[in-house]
Amino acid sequence: MSPLFEALGTRYPIFQGGMAWVADAHLALAVSEAGGLGIIGAGHAPADYVRAQIRAVKARTTRPFGVNIMLLSPYVDEIVAMVAEEHVAVVTTGAGDPAKYLPQLQAAGTKVLPVVPSVGLAKRMVRAGVDGVVAEGMESGGHIGSLTTMALVPQVVDAVDVPVIAAGGIADGRGMAAALALGAVGVQMGTRFLVATETHIHPNYKAAVLAAKDVGTLVTGQYVGHAARVLKTPMSRNFVTLEKQIALSGTDDFTAIEELGNGSLRRGVQDGDRERGSFMAGEVAGMVTKEQPAAEILAEVAAGAAKLLAGSPLAANLHPTKVVS
Ligand SMILES: Cc1cc2nc3c(=O)[nH]c(=O)nc-3n(C[C@H](O)[C@H](O)[C@H](O)COP(=O)(O)O)c2cc1C
């Protein structure tokens with residue numbers, strides 16, 4: 001197993017992606033207890049809320065877990081200070097460059113792994129002193145870059161000398177084995193965990209993930225704002241239609257699209273609203289066919305990869321799966 005995971009002490013080299021509004025203490029606890037790295041998604045929540053989530057996990061496990069910090073959050077400074085105070089094992093960051101927060105977090109013993117969509121950002125992060133990077137392809141759910149996992153991961157692996165975790169489009173042992181073959185030392189999955197038993201999202205959202213096919217997602221924000229992969233719903237189709245109209249008209253009045261977008265994640269996750277809510281999910285939604293406990297998901301994915309990689313030196317990355325195989 002890679003020194004990163006040996007140091008963390010997880011059983012599997014698997015991160016559960018920090019997902020805004022979705023990855024709360026329940027999911028992170030279940031994943032960490034089962035031997036993965038559970039990650040609480042801070043999203044745009046205030047620091048007090050995130051601290052309560054951290055404490056809820058700490059109260060129930062001594063296993064390591066992480067927090068994903070969205071750098072676009074208005075509370076980012078407070079959240080970084082709080083996460084350092086809480087000595088969280090791992091921080092992943094989304095949407096930007098966390099360089100200025102590294103000294104504070106690393107002084108608290110926290111390993112920092114930014115999510116990167118390109119070789120350029122990966123190299124910049126390594127120069128700043130990060131402990132690893134999560135190279136995330138555009139197959140993934142949520143905010144995305146423009147490269148696919150297959151193209152991005154090996155190029156990042158070649159460019160940096162820190163551990164690389166692959167994310168985007170990985171939902172089973174085949175995906176995990178492929179990611180290890182590309183040079184990653186572990187994987188991060190989000191979409192598969194959307195339907196974990198311990199994931200508290202509206203039943204309409206889980207049902208939509210389970211019903212999705214290979215072509216069940218689209219990308220919003222390509223014309224206006226930040227690109228994000230979501231399930232095809234009346235809301236997301238309307239959103240794309242509206243942003244195309246705005247882009248073609250050349251107007252700088254974004255009021256209508258802002259009204260549709262603001263609060264849409266909450267309306268999707270909590271209200272299950274298909275007309276006005278967003279259901280973020282990746283292209284592998286078509287492979288996610290049943291709700292099951294997080295522990296089962298981890299064991300299945302790791303055992304599947306171990307079977308495919310048996311006899312290969314790459315299997316060393318999965319060493320602790322011997323415990324469960
Ligand atoms: C519902 C949802 C919300 C997400 N929110 C965040 C987030 O707040 N911060 C972040 O860095 N990544 C976020 N992601 C990306 C995941 O952490 C993970 O990298 C991604 O889901 C991996 O690709 P996959 O969906 O193909 O498994 C989100 C993904 C989903 C599906």
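## Close-up views of a predicted model

The side chain of T149 reaches the backbone oxygen of G168 at 2.7 Å. The model is predicted, with local features requiring pLDDT of at least 70 and side-chain atom pairs counted only at pLDDT 80 or more, whereas totals for chains, interfaces and linings use all residues. Residues are numbered from 1 along each chain as its sequence is written, and side-chain values use heavy atoms, with hydrogens and water left out.

**View 1. Polar contacts of the T149 side chain.** Besides the contact with G168 described above, a polar atom of the T149 side chain lies 3.4 Å from the backbone nitrogen of G137. A polar contact is here a pair of N or O atoms within 3.5 Å; within protein, one atom must be able to donate a hydrogen and the other to accept it, and residues adjacent in sequence count only if both atoms are side-chain atoms. T149 belongs to helix α7 (residues 149-159), where helices (H or I, at least four residues) and strands (E, at least two) are DSSP runs numbered from the N terminus. With a relative accessibility of 7%, T149 counts as buried; buried means under 20% relative accessible area, exposed over 50%, and partly exposed in between, for a 1.4 Å probe and protein chains only.

**View 2. The edge-to-face pair of F5 and F15.** A pair of aromatic rings is described by the distance of the centres and the angle of the planes. Two aromatic pairs are found when the whole structure is searched. In the pair shown here, the ring centres of F5 and F15 are 5.7 Å apart and their planes stand at 70°, so the arrangement is edge-to-face. Rings of Phe, Tyr and Trp (its six-membered ring) pair if their centres lie within 6.5 Å, and planes under 30 degrees apart count as stacked, over 60 as edge-to-face and the rest as tilted. Because F5 lies in helix α1 (residues 3-8) and F15 in strand β1 (residues 14-16), the pair ties together parts that are 10 residues apart in sequence. F5 is buried, at a relative accessible area of 0%, and F15 is buried, also with a value of 0%.

**View 3. The stacked pair of Y205 and F279.** Y205 and F279 form a stacked aromatic pair, with 4.8 Å from centre to centre and 15° between the planes. This pair links distant parts of the chain, 74 residues apart, since Y205 is in helix α10 (residues 203-211) and F279 in the loop between α13 (264-269) and α14 (294-308). Y205 is buried, with a relative accessible area of 2%, and F279, at 1% relative accessibility, counts as buried.

**View 4. The shell around the ligand.** The ligand is surrounded by 21 residues, of which the closest are N68, E136, G169, Q188 and T191; a residue is near a molecule or strand if one of its heavy atoms lies within 4 Å of it. The shell divides into nine nonpolar, 11 polar and one charged residue, where Ala, Val, Leu, Ile, Met, Phe, Trp, Tyr, Cys and Pro count as nonpolar, Asp, Glu, Lys and Arg as charged, and the others, Gly among them, as polar. Strands β3 (65-70) and β9 (186-189) each supply at least two residues of this shell. Because domain 1 (3-198 + 293-323) and domain 2 (203-286) both give residues to the shell, the ligand lies between them; the domain bounds come from an automatic or database domain assignment.

View 5. A backbone N or O atom of G190 lies 2.8 Å from an oxygen atom of the ligand. A polar backbone atom of G18 is 3.1 Å from a ligand oxygen, and for G141 a polar backbone atom is likewise 3.1 Å from an oxygen atom of the ligand. Taken alone, the ligand exposes 600 Å², of which the protein buries 97%; accessible areas come from the Shrake-Rupley method with a 1.4 Å probe, and for residues only the protein chains shown count as cover.

View 6. Most residues other than glycine have a negative phi, and most peptide bonds are trans. W21, a residue other than glycine, has a positive phi near 70° and sits in the loop between β1 and α2 (25-33), where W21 is partly exposed with a relative accessible area of 45%. A95, which is not a glycine either, has a positive phi of about 60°. A95 is placed in the loop between β4 (90-94) and α5 (102-107) and, at 39% relative accessibility, counts as partly exposed.
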